[in-house]
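Open your viewer and get ready to select a few pieces one after another. Each stop below tells you what to pick and what is there.

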Amino acid sequence: MTDDAGVPKSAKGRLYVVATPIGNLDDVSARALKVLADVALIAAEDTRHSIRLMQHFGITTALAACHEHNERDEGGRFLGRLLAGDDVALVSDAGTPLISDPGYHLVRQARAAGIEVVPVPGACALIAALSAAGLPSDRFIFEGFLPAKAVARRGRLGQLKEEPRTLIFYEAPHRILECLEDMRSVFGEDRPAVLAREISKTFETIKSLPLDQLCSFVAGDSNQQRGECVVLVGGWVAPVGDEQIDSEAQRVLGLLLAEMPLKKAAALAAEITGVRKNLLYQFALELQKDK
Ligand code: SAM
């Protein structure tokens, strides 16, 4: 037997980790449909949910539950099938499995058992949101869901206050306003932010505003407190006196500092980024003090 790229297949089955749409069903890939139709079994976060997707595409493959409560225990059942030579596809309710979704334990168990794990890439809300947000995308961190309780949430946000990379969060619609308000009080009113709602669906909204205005926008329109959403927040920009060094300039300076003396690094970083040499020099001195 060969796989879809014509590569000879081992006696063990393969575990395919298959991304499914996050809204618009046309976002499913042709390869995902082929894999879902060809495997012996689909391990699904919620079989009742996934069956609708399969029916829509005329896929008749058997489904079995693989959710966060049974994943560790039931992993053995899927492993048994894989070791016996059956291919299994793992899907979640929407988007990429394992991304704030079940699948981690099964993938780990499969890899530990020497089973080939094959990603079938596709939709992922955080990547779709980042691709359209207009915030720096060269470096970012994904925080998943913040704690539901206000004290723990503020605590986590406090730890992220001086994070220079773009921050990405998932949030439930009923908590979106309190979450944005906490972000405003921790990160400051002027921090740039983006709310990406209902991506690829009818009421898709991608709103980019400073946190204070984003809070007012969401508070003033209850429709913005519905549906699925991703929140993105611009990274922290280190203040130096009245002027600021943006994250790109910090990154360039950091790279150069690793390669050359401080003065030369500051001069070269100034040429590359357009930020004043003296400012970069002072910033580099501070950096070295902290080491
Ligand atoms: N595995 C999924 C992925 O790849 O993005 C994420 C699953 S997680 C349980 C669900 C969260 O993803 C939602 O609460 C929301 O924050 C985000 N999300 C999923 N679909 C979305 C959409 N169409 N628009 C905006 N956010 C979405």
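**Stop 1: two helices side by side**

Select I176, L177, L180, E181, M183, R184 and F187 in α7, and you will find them meeting L211, D212, L214, C215, V218 and A219 in α8; contact here means heavy atoms within 4.5 Å. By class, this contact of α7 with α8 has 10 nonpolar, no polar and 3 charged residues. Nonpolar covers Ala, Val, Leu, Ile, Met, Phe, Trp, Tyr, Cys and Pro, charged covers Asp, Glu, Lys and Arg, and the others, Gly among them, count as polar.

A word on what you are viewing: this is a predicted model, in which local features need pLDDT of at least 70 and side-chain atom pairs count only at pLDDT 80 or more, while totals for chains, interfaces and linings use all residues. Residues are numbered from 1 along each chain as its sequence is written, and side-chain values use heavy atoms, with hydrogens and water left out.

Now show helix α7 (residues 176-187) and helix α8 (residues 211-219) whole: their axes come within 9 Å and cross at roughly 160°. Helices are DSSP runs (H or I, at least four residues), numbered from the N terminus. Axes are lines fitted to C-alpha atoms over the stretch in contact, with angles from 0 to 180 degrees between N-to-C directions. α7 and α8 are therefore roughly antiparallel (over 145 degrees; under 35 is roughly parallel, 65 to 115 roughly perpendicular, and the rest oblique).

**Stop 2**

Keep α7 and select helix α6 (residues 150-159); the axes of α6 and α7 come within 10 Å and cross at roughly 45°. That makes α6 oblique to α7. Here A150, R153, R154, L157 and G158 in α6 meet α7 residues including E178, D182 and F187.

**Stop 3: α9 and α10**

Move on to helix α9 (residues 247-257) and helix α10 (residues 262-273), whose axes come within 9 Å and cross at roughly 145°. The contact of α9 with α10 has 11 nonpolar, 1 polar and no charged residues.

**Stop 4: zoom out to the domains**

Colour domain 1 (15-123), domain 2 (126-233) and domain 3 (247-290); these bounds come from an automatic or database domain assignment. How much area do domain 1 and domain 2 bury between them? About 480 Å², 62% of it on carbon and sulfur atoms; buried area is the accessible area (1.4 Å probe) that two parts lose on being put together, summed over both. Finish by selecting I22, I99 and S100, which supply 75% of the area that domain 1 buries against domain 2.
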